[in-house]
Structures are given as C-alpha cells and as structure tokens.
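Here is a short note for a colleague who is new to this structure. Please read the points below with the model open beside you.

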Amino acid sequence: MAAIKKDPVDMVIVGFGWTGSLMAMELANSGLRILALERGEQRDTYPDFAYPRNTDELTYGIRLKLFQNASRETVTVRHATADTAMPYRRFGSFLPGDGVGGAGVHWNGMLWRPLEADLKMRSTVTERYGKSFIPPDMTVQDYPFTYAEMEPYFDKFEKICGASGNAGNINGEKIEGGNPFEAPRKNAYPTKAQKRQYGGDLFAQAAQGLGYHPFTLPAAICTESYSNPYGVQLGVCNYCGFCERFGCFNYSKASPQTTVLPALYQHKNFELRTQAQVIRVNTDSTGKKATGVTYIDAQGQEIEQPASIVVLSTFQLNNVRLLLLSKIGKPYDPLTGEGVVGKNYAYQMNGGIKLFFNKQKIFNPFAATGATGVFMDDFNSENFDHGSLGFVGGATISATTTGGRPIQQMSTPSSAPRWGSGWKSAIKDNYLHNMGVGSSGSVMPYKQCYLDLDPTYRDVHGQPLLRMTFDWQQNELKMTNFIKEKAEGIVKAMAPDHYDVGFMGMNAHYDVRPYQSTHTTGGAIMGDNPKNSVVNKYLQSWDVPNVFVLGACCFPQNLAYNPTGIVGATALFAANAIRTQYLGNPGPLVQA
Amino acid sequence: MEKKIETQVPSRRRFLQKTLSLIPLAAAGGSSIVALSAPAAESQGVSDHYVPTYFNNDEWRFILAACDRLIPSDSNGPGAVSEGVPVFIDKQMELPYGFGHLWYMHPPFASAIPELGYQSSLVPRETYRQGIKAINQHCQQQFQQPFASLGHEQQDAILHDLDAGKLTFDNVPGKLLFEQLLENTKEGYLADPLHGGNQTLASWKMIGFPGARADYQDQMNLPNQPYPLGPVSISGKRSV
C-alpha cells in the first residue's frame with residue numbers, strides 16, 4: 001500500500017514522449033486537470049541538447065545517454081517457448097527511450113503514412129491470393145479503421161511536425177517527384193523536401209533506370225521557416241549530422257520539445273512530474289475501473305495518484321508490461337491462443353549492402369539529417385504481386401545517410417583488417433567514399449512470437465522484467481531474400497568498385513547484438529472486438545474503459561515503414577474521441 | 001594553448017618513456033621498456049605526465065603496448081598512444097560505464113547462444129584486470145616476459161590469437177578481453193578529444209570528418225565535392 005496519496009486529477013498520463021504530450025496538448029483547453037508522470041529526467045532543447053556539446057558521439061551515440069538505462073530495467077529475450085530467456089544486458093538491437101520527449105527526442109525523423117493495404121492487411125492478402133496464402137501460425141489482422149478515416153490525423157501530425165517531403169498523390173492526382181504508391185492525401189507536406197545527398201542521387205538514377213520509382217524521403221525535419229498549428233516555431237535544418245541518437249539543438253527535427261511542449265507548458269491545468277516511475281495501474285474491486293496509478297518518485301517513495309482517466313503512453317514494450325503488471329486484460333497464452341495482452345509482438349526485417357567507390361566519388365556522410373535519403377516503394381506491402389513469391393509483406397529499398405559518426409558509422413570492406421596499420425589505411429581510404437543501400441521490411445505476427453512477464457529477472461524496483469519470445473520466421477526470411485536480389489540489382493547498376501551484402505540468410509536467428517531498429521510493435525493490439533485485441537480503434541481498453549493505451553504496442557503487425565506517423569496520428573485520433581465523445585459520456589466508445 | 005616543446009626526441013617515445021618512468025623499477029621487473037620501432041609523429045596534445053587512475057603499473061604497460069599495436073603510428077599519422085587513447089581508456093574505467101552501470105548486471109548469469117548477447121558477469125574494469133593478468137601470466141610462461149616487453153611480432157601474434165578465439169583463460173575469455181580492448185581503443189581514437197583520446201584530431205583529419213562543425217546547408221548543394229574545412233572539436237580545438 002502506498003504511504004503517500006496525492007490529490008486526484010482528471011487524467012494521468014504515464015510516459016511523456018510523443019503520444020503523452022500530444023494527448024495532453026489536445027485536451028489542455030478542455031479544463032481537465034492533467035498530470036503527466038515521466039520516469040526519466042526533465043529535458044529541453046536548452047540546455048540539454050545545446051551545441052556544441054551535443055555533437056559528442058561517444059556520450060550520446062555510443063554510451064546512449066538519452067536512452068533507458070539498462071542497469072535499471074531491460075527485457076529478457078528468447079527465440080522460442082522451450083528456451084530460457086536471457087536478459088538483454090547491453091543494448092544493441094533496439095533502444096527504448098526515457099526522459100521527457102522519450103524516443104521522440106532521439107529518433108531519426110523518418111515520417112510515413114501507412115499504405116491503404118497496410119491497414120487492411122488480412123483482408124487484402126486473402127482477397128488477392130486466397131485464404132490459404134496466409135500461413136496457419138501467422139496472426140495477421142486488419143487495423144480497426146480505414147485510411148480515409150485516419151487521413152485528417154496523418155495530416156495534422158505532419159503539420160505539427162513541420163514535416164518535409166514531396167507529395168505523390170493529392171486527392172487522387174499523382175504528382176511527379178513524390179511516392180506514386182502513397183494513398184491520397186488532402187494536402188502537401190508543410191515544408192519542402194530535404195536536400196538530397198550524392199549517394200541518394202546515384203541510387204535514384206540507377207533505380208529509375210531499372211523502371212522503379214525513387215523519391216526523397218519524407219521527414220519530420222523542418223526545411224523552411226515555419227510555425228505549427230500550436231503556434232510553435234521550428235528552425236530550418238542545417239544538416240548537422242547529429243539526429244539519430246541525439247537531441248536536436250536547432251529546433252528542426254520534430255520532437256515534443258520542438259513542437260508541443262512550449263505551447264503545452266502555458267496551460268495552468270497541466271502538470272509534469274519527472275523521475276516518477278509508474279509501477280502499476282490501480283483498479284477498483286470490480287477490476288473494470290481504474291482508480292489511478294502508483295508510482296515511485298526520485299526519493300524511492302511509493303506514491304498513489306488517483307485519476308479518472310489513465311493514459312498509458314510509455315514505450316511500446318513498457319506499455320505491455322504495465323498492463324501485465326496491473327492485470328488489465330487477459331494475458332496471451334501461446335499454447336491455447338487465448339488471451340490478448342502480449343499477443344502479436346513484431347519487429348522489423350532489415351538488410352543492407354555497403355558500396356565502396358574509389359576516391360573520385362565523395363559522399364560527405366557527415367552532412368546529413370537522421371532521415372536524408374531516397375526511397376522506393378515498388379516492393380513494399382501490396383505494391384507488387386506476391387502470388388508466385390510465397391510470402392506476405394514487403395520492404396522499402398533506400399539509400400539513406402543518417403550521419404557520418406566515425407566510431408559507429410565507419411564502413412570498411414569485409415576484406416580490410418580490423419586493426420593495425422591495415423585498418424588505418426582502410427578507414428582513410430573508405431570513410432568519404434562509401435555509401436549504403438538498405439531495406440526496411442515488414443514483420444508479420446505469429447502465434448509463437450509474444451510478450452509476457454519473466455519468471456526470474458527483475459528490475460531495480462523488484463518487479464518482473466518483460467520477456468520477449470521472438471525469432472525470424474520463414475515468411476520474413478523469404479521476403480528479405482527476395483528484396484536482396486532486387487537491391488543487388490540496383491547496386492550493380494550503380495557500379496561500385498566493390499560491395500558487401502548484409503542480408504539475413506534462410507537459417508538466421510534474431511540477434512540482439514547489432515543495432516537493427518527500435519520499431520518494436522504489438523503486445524497491446526487494436527482491433528474490432530475484445531477477442532482479437534486489447535484496445536478498440538480509439539485505443540481504449542476493452543476491459544477497463546477509462547484506460548487508454550497509445551503507441552506502437554497497438555499495431556496488429558509491423559509494416560515496412562518507421563512507425564511514428566501512425567503512432568502520432570492514432571494518438572491524435574484517440575485524443576479527439578476522448579474530447580468529443582468520452583468526456584460527455586464516459587464508458588466504452590465501441591460496444592463489444 | 002599547449003606549449004610545443006622543441007626536441008629531437010619524437011613525442012610518442014617521450015610519452016611512453018616518461019609515463020613508464022613513473023613506474024617504480026621493481027614493478028617494471030627490470031625488463032626493458034616497451035620496444036619502439038614504428039615511426040613516431042608529432043603530438044602536442046598528450047600529457048607526458050599522466051598517472052593512471054584505475055590501472056596499476058603492469059596493467060598500464062599492457063594498455064600502452066596493446067593500444068600501440070592495435071592502432072600504430074605509421075605513414076598515415078599518429079597512432080593510439082600518442083593520441084592519448086590509453087588515457088581515454090583509463091578515464092572510462094572511472095565512469096559508470098567502467099563499473100558496468102550502463103548494463104543490466106543482475107544475476108543469475110548463465111551462458112547462452114551468441115545471438116542473445118552479452119552474458120558475462122564481468123564489467124569492463126574486471127575484464128581488463130583479470131584479462132591483463134591472464135595474458136601476462138601466459139606470456140611469462142611462454143616467453144619469460146610480460147606482454148609489454150615482447151617484440152611487435154610476438155605481440156601481434158598474441159593479439160591475433162585473442163581475436164580469433166584461439167587463446168583463452170579460466171577467468172576471462174580471451175575474445176571478450178580483445179573485443180573490450182579493440183572497442184575502447186577505436187572509441188578513444190575516433191571520439192572527441194574531451195574524452196582523453198584523439199588529442200590532435202589526427203584521426204578525423206586523416207579520414208575527412210569535420211568534427212563538431214555541424215552546419216552543412218551549403219555543402220548539401222555541392223554533391224561529390226570535397227568539404228573545404230578541417231576538423232574542429234567541441235572545445236574549439238582545430239587540427240594542425
């Protein structure tokens with residue numbers, strides 16, 4: 001029992017990254033008393049990301065200063081239910097965020113809307129290839145809303161971010177320079193597309209020559225003088241090369257700090273408490289109503305915070321863990337297939353090719369944003385016919401440069417020595433003269449890939465860690481091998497002096513060591529009924545209707561794209577439903 | 001600004017000699033100091049008088065010798081030692097990183113397939129302490145001298161064996177020590193000088209990384225063109 005009980009609030013927001021800050025902002029003028037609890041520290045552009053201190057690769061890029069501290073809390077990982085899960089002791093594969101702004105501080109800024117088929121994955125695949133095309137253990141399902149329903153919220157999030165890009169489809173009219181596969185949008189991006197790099201130009205030329213459709217990557221990186229709908233002014237990006245793993249010192253990369261918080265902090269009915277780690281959501285004796293949350297403050301005191309509405313807006317993995325620790329919703333059982341909390345965990349399937357050129361080609365990798373590059377969508381989702389290929393999903397193929405950080409982003413040919421004078425020569429000869437072609441692929445959900453609580457390992461507060469049971473499945477390995485051939489075709493057309501291919505083989509197992517993607521998804525998925533999902537389309541818990549669960553934990557499966565576009569849009573969609581429907585008539589917004 | 005000392009003795013040799021001269025003779029075991037043969041480059045950034053905080057005399061001699069083999073001074077410029085990388089590694093040992101406070105280090109520890117990642121109970125400080133002791137014992141048995149006193153060829157052979165997993169010890173896997181050492185040596189060589197290595201920005205100059213300049217609007221309009229300015233550090237230090 002908590003020793004200290006605080007005054008009740010109307011809404012408590014757990015986790016203060018993108019979704020928590022958007023929820024607070026959208027409800028700030030409703031008169032509700034809103035409290036945000038953030039387990040990490042207070043952070044703002046000044047002083048925390050100030051130049052030149054933030055150009056310190058070792059502190060931020062390698063020692064991971066802005067991320068969750070693994071010594072306090074991590075997850076355990078195993079490949080299959082029969083294995084013993086081991087702690088993810090040293091972060092590599094994915095990097096959960098922490099602190100004000102969360103992962104929204106140190107993301108790359110790649111900003112996508114899903115394709116129409118992405119939101120109707122099960123029905124599209126079934127219609128096109130027949131029901132038997134979906135493997136029996138693949139638990140793919142449709143999102144509970146349509147693209148058209150969500151379009152205004154994608155639009156709004158792009159405007160909040162000051163996003164840059166070339167539209168490819170405005171109201172059904174295809175526009176040269178954009179992505180011809182994108183779903184119809186009502187408006188262009190609020191700021192012009194980012195400048196391209198030389199590597200992107202070479203890739204675009206080769207891809208076009210092969211009949212593909214390359215375009216400049218859309219990004220939450222502001223490229224023109226711009227103020228967003230909240231009245232917050234962003235800065236014009238100067239391509240400093242320190243987006244990925246860093247806070248933006250220039251107010252250009254969209255984060256809660258650069259787009260929401262200056263406006264939100266004006267509201268007197270909003271309060272933020274940092275270093276307040278929520279350990280569970282409290283419910284009443286019926287278990288159908290949340291009464292608030294319990295958190296541990298900086299002094300280690302356990303504090304009860306009563307609230308009428310609880311919003312879980314922590315990182316994807318932690319949201320699922322909080323539901324399990326709070327016993328909200330029925331935990332998923334992989335043996336029976338029953339229960340939903342922890343179900344449909346998914347990740348991303350990436351590959352890459354390193355291209356090495358002679359000194360006649362200079363790529364200046366340090367001049368970049370976290371999202372500079374050229375993409376093509378020709379083999380993503382349902383943009384191509386899978387009929388004869390035998391897999392569901394697809395991947396983007398791209399030439400992106402996210403910075404030229406010399407410790408982490410150094411590329412040398414596989415034949416080069418790892419140390420000694422030979423290594424020195426190799427980094428001298430290759431740093432400016434190499435580029436990459438990469439792929440980012442979708443990952444489908446499976447009965448055998450899920451999240452639950454670990455029986456052995458605990459966090460700094462003595463609570464069970466989340467346990468991840470995940471491995472690559474044949475469908476994704478087939479997909480990535482298909483993509484490898486296509487990517488290699490483009491690379492050959494670019495005619496580098498040498499290239500090294502780095503795609504998963506058909507026998508590959510998930511490896512936590514190399515960084516791959518922080519786009520972990522699922523575990524608290526959205527759906528159209530309580531049997532197939534944890535939350536409804538408004539991200540409202542089916543079991544405890546005054547609990548809302550935001551973020552990538554709600555994705556039924558993972559798409560090839562980076563998730564932040566849908567994460568932001570669905571948070572805005574949920575906030576609108578709370579404001580216009582729930583507050584007047586608290587209770588389930590969708591009848592089960 | 002650092003005062004440039006006019007002398008015929010290459011500064012890297014000076015650095016090694018002066019650093020080692022701080023070690024009592026008894027601890028140095030009467031053997032000759034680290035063999036020096038690679039051409040040394042000028043370095044004005046490194047303190048000749050650095051006294052290690054974490055490493056003891058034997059360990060420090062190992063760190064100096066091993067860093068010198070992993071990233072030697074050569075025709076491409078200064079190597080790890082004159083750039084201060086041993087100082088960087090020593091400083092890292094006193095930070096939360098060295099104590100393993102950035103990693104989940106709660107028991108139980110068990111071995112697992114490599115794909116499940118780091119599962120050693122050793123934190124960087126202990127990896128070095130136990131690993132260096134084991135290597136020096138091995139060298140004493142094989143060559144009757146510690147690692148730092150061996151010739152370059154023997155040192156390289158030992159490092160290659162560690163790298164390949166051919167040489168391992170009871171308390172610490174040889175590969176674990178090697179990866180720790182190589183990772184930290186490269187970090188120190190390529191990181192901003194504020195952490196103790198890369199004191200003359202030689203590595204950044206060599207590869208063409210402009211450091212903390214962080215403003216490339218104009219360069220984005222010049223695809224395939226060289227960037228005209230040399231590197232600058234966070235503190236405003238520029239390369240010579």
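1. Helices and strands here are DSSP runs, numbered from the N terminus; a helix has at least four residues and a strand at least two. One loop named on this basis runs between helix H12 (474–494) and strand E21 (498–502) of chain A, and Ala495(A) lies in that loop. Keep in mind that this is a predicted model.

2. Start with the backbone of Ala495(A). Its phi is near 50°, a positive value in a residue other than glycine. Most residues other than glycine have a negative phi. Is Ala495(A) buried or exposed? Ala495(A) is exposed, with a relative accessible area of 54%.

3. Arg245(A) also deserves a look. This residue is not a glycine, yet its phi is positive, about 80°. Arg245(A) sits in the loop between strand E10 (233–234) and helix H8 (256–259) of chain A. Its relative accessibility is 8%, so Arg245(A) counts as buried, the cut-off being under 20%.

4. The bond from Tyr51(A) to Pro52(A) is cis, with omega near 0°. Pro52(A) belongs to the loop between helix H2 (45–48) and helix H3 (57–62) of chain A. In chain B, Pro107(B) and Pro108(B) are joined by a cis peptide bond, with omega about 0°. Pro108(B) is in the loop between helix H4 (85–93) and helix H5 (124–143) of chain B. Most peptide bonds are trans.

5. Next, an annotation. An unreviewed UniProt entry places the feature "domain: Glucose-methanol-choline oxidoreductase N-terminal" at residues 234–346 of chain A. Over residues 234–346, the chain is 17% helix and 27% strand. The C-alpha atoms at the ends of this stretch are 34 Å apart.

6. The interface of chain A and chain B holds five salt bridges. One of them pairs Glu183(B) with Arg90(A), whose closest N and O atoms are 2.4 Å apart.

How values were computed: Residues are numbered from 1 along each chain as its sequence is written. Chains are lettered from A and ligands numbered from 1 in the order in which they are written. This is a predicted model: local features need pLDDT of at least 70, side-chain atom pairs count only at pLDDT 80 or more; totals for chains, interfaces and linings use all residues. Side-chain values use heavy atoms; hydrogens and water are left out. Buried means under 20% relative accessible area, exposed over 50%, partly exposed in between (1.4 Å probe, protein chains only). UniProt positions are given in the numbering used here, feature names are shortened, and annotations may be inferred rather than shown by experiment. A salt bridge is a side-chain nitrogen of Lys or Arg within 4 Å of a carboxyl oxygen of Asp or Glu.
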